[in-house]
Amino acid sequence: MLLCVTASHKTASFELLERLSRTPDDVASTVVDAASCVQGAVVLATCNRFEAYVEMDEPVTAAGAIGVEAVLEAVESATGITVGEMDGAYEVHSGRHVAEHLFSVASGLESVVSGEGEIAGQVRRALKSARKDGTTSPELERLFQRASQAQRKVKNVTALGRAGRSLVRLALELADSRIADWSAERVLLVGTGAYAAVTLATLRERGAVDISVYSPSGRAEKFAAKHGLRAVSAAEYARVAARSSLLITCTTATEPVLTPAHLAAATGPAALGCPVASHSQLVIDLGMPRNVDPAVAALEGVALLDLETISLHAPLEELQATDAARSVVREAADTFHVVGSRQSVTPSVVALRSHIFSLLDSEIDRARARGDQDGKVEQALRHLAGVLLHAPTTRAHELAAAGRADEFASALSTLYGLEPMEPARGTIADDAATA
């Protein structure tokens, strides 16, 4: 069975999400090692979201409770956030609801800004990370791959992608009220990751031209050369920060990269030689956890816009686009469930068909030995076998779709003494799997 433990801006405080965003990369492996019934785990940790997707061995009693406990204990071990602190801050999805939830997340339907595009890449990277760490499973692979397919379909057939705005765009739209001429702004971009590239493109769309970049991890030179910017060294970072009219931080650093000390020159005596007016410095913090020390907002003439503030100004959802997108997501989730259900009953169908075809071959050999030279008896026997198999195969898929595949397996065991057989590619089993 599939399970999802999720904490987001809808269920948890910004402070708790910030702490969860510092989750180490080994949480998924900790979950997998927690119990033998855990088949795999994929962790998705982004701005405003922490989610663990887990595949459990369904026959295990109370598998869902074991899975949730494994996730919460892994989080506590990695971050120090206790189970008590998580109480009421997360939701649990299980069974067929997991696919619809992840497909909605990947499509941006559960984001602060409905339809934002960054989340799709984060979902893909979560699966890639699980593959690298060896924590994924066949069903989780199928789940995340289908999530990417659903996201692309939502983007292609609905207006959500055009109506939705990323957090970067929303932040800069909020900054519009403070900026009269973007081309006159002295911009310092702190960070060189995927968000930095999106931020840079959005800045240039608005007309910004004087843009410098600083990287706490030392990658500014490479990023600047690629995008035609000026790289800022660590030695000159504080001076450039103090003289910039707009600072945008978007790094994965776990500690603040911008503090009051960096901006002290903008409000102290040194500001006399700085052409930036004391009231015109705007800091936009897109980091999770925070890149900017909140004390920066207390500096005279410095305005701080962080993710918590941005989320409060998120626009109302584009209802028509969202409704259409959710229809696509529900359809994709239903298809995922049906395909998964059929796969769950396939070993039993394979066992039944293999048994019937084995009997059929014996009877055909006997008919040939008795003189069936024209093949009419063989033809009749094959037709009869197909007729006899049609009803139980159809019924097996119906039971599987209703979550009752185990009943079909139990009936086979009771009537024929047969056990489920995994389909072998390139044999009659392939035909059984698609019948």
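Trainee: Which residue is the bridge partner of C4 in strand 3?
Mentor: In this predicted model, the bridge partner of C4 in strand 3 is Y53. Strand 1 and strand 3 are joined there by 7 bridges, in the antiparallel sense.

Trainee: What makes strand 1 and strand 3 count as paired?
Mentor: Pairing takes at least two bridges. Strand 1 and strand 3 have 7, so they count as a pair.

Trainee: Why is C4 called buried?
Mentor: The cut-off for buried is under 20% relative accessible area. C4 has 0% relative accessibility, so C4 counts as buried. C37 is at 7%, so C37 counts as buried too.

Trainee: How many disulfides are there?
Mentor: The count is 0. A disulfide is a covalent bond between the sulfur atoms of two cysteines. To be counted, two cysteine sulfur atoms must lie within 2.5 Å, and by this rule the count comes to 0.

Trainee: What is the strand order of the open sheet formed by 4 strands?
Mentor: The order is 2-3-1-4, and the pairing is antiparallel.

Trainee: Why do strand 2 and strand 4 count as edges?
Mentor: Strand 2 (38–46) and strand 4 (91–94) each have a single partner strand, so one side of each has no neighbour in the sheet. Neighbouring strands of this sheet are turned by 15 degrees against each other on average, direction ignored.

Trainee: How many bridges join strand 1 to strand 4?
Mentor: Strand 1 (residues 2–8) is joined to strand 4 by 4 bridges, and the two run antiparallel. T6 has E91 of strand 4 as its bridge partner.

Trainee: Which helices pack on this sheet?
Mentor: Helix 5 (residues 96–106) touches strand 1, strand 2, strand 3 and strand 4, and its direction makes about 145 degrees with that of strand 3. Helix 7 also packs on the sheet, touching strand 1, strand 2 and strand 3, at about 135 degrees to the direction of strand 3.

Trainee: How do you know that strand 3 is largely enclosed by the rest of the structure?
Mentor: Count its buried residues: 8 of the 8 are buried, so strand 3 is largely enclosed. R49, E51, Y53 and E55 point one way from strand 3, while F50, A52, V54 and M56 point the other way. All of these are buried.

Trainee: What joins strand 2 to strand 3?
Mentor: There are 8 bridges between these antiparallel strands. As one example, A41 stands opposite V54 in strand 3. Strand 2 and strand 3 form a hairpin with 2 residues between them, and N48 in the turn has a positive phi of about 65 degrees.

Trainee: How many aromatic pairs does a search of the whole structure find?
Mentor: The search finds 3.

Trainee: Why is the pair of Y53 and F144 called edge-to-face?
Mentor: Ring centres within 6.5 Å make a pair, and planes over 60 degrees apart make it edge-to-face. For Y53 and F144 the centres are 5.3 Å apart and the planes are at 85 degrees, so the pair is edge-to-face. Y53 is in strand 3 (residues 49–56) and F144 in helix 7 (residues 138–157), 91 residues apart, and the pair links distant parts of the chain. Y53 and F144 are both buried.

Trainee: What makes the pair of Y214 and Y237 stacked?
Mentor: Planes under 30 degrees apart count as stacked. Y214 and Y237 have 15 degrees between the planes, at 3.9 Å centre to centre, so the pair is stacked. Y214 lies in strand 6 (residues 210–214) and Y237 in helix 12 (residues 237–243), so the pair ties together parts 23 residues apart in sequence.

Trainee: Why do Y214 and Y237 count as buried?
Mentor: Set each against the cut-off of under 20%. Y214 has 11% relative accessibility and counts as buried. Y237 is buried with a relative accessible area of 3%.

Trainee: How do you know that R142 lies over the face of F336?
Mentor: R142 is at 3.8 Å from the ring centre, and the distance limit is within 6 Å. R142 is listed as lying over the face of F336.

Trainee: Which strands stand at the edges of the sheet with 6 strands?
Mentor: That open sheet has the order 7-6-5-8-9-10, with parallel pairing. Strand 7 (230–231) and strand 10 (302–306) are its edge strands, as each pairs on one side only. Inside the order, strand 5 (residues 186–190) and strand 6 pair in the parallel sense over 5 bridges. V187 has I211 of strand 6 as its bridge partner.

Terms used:
Residues are numbered from 1 along each chain as its sequence is written. This is a predicted model: local features need pLDDT of at least 70, side-chain atom pairs count only at pLDDT 80 or more; totals for chains, interfaces and linings use all residues. Side-chain values use heavy atoms; hydrogens and water are left out. Rings of Phe, Tyr and Trp (its six-membered ring) pair if their centres lie within 6.5 Å; planes under 30 degrees apart count as stacked, over 60 as edge-to-face and the rest as tilted. Buried means under 20% relative accessible area, exposed over 50%, partly exposed in between (1.4 Å probe, protein chains only). A charge sits over a ring if NZ of Lys or CZ of Arg is within 6 Å of the ring centre and within 35 degrees of the ring normal. Axes are lines fitted to C-alpha atoms, for helices over the stretch in contact, and angles run from 0 to 180 degrees between N-to-C directions. Contact means heavy atoms within 4.5 Å.
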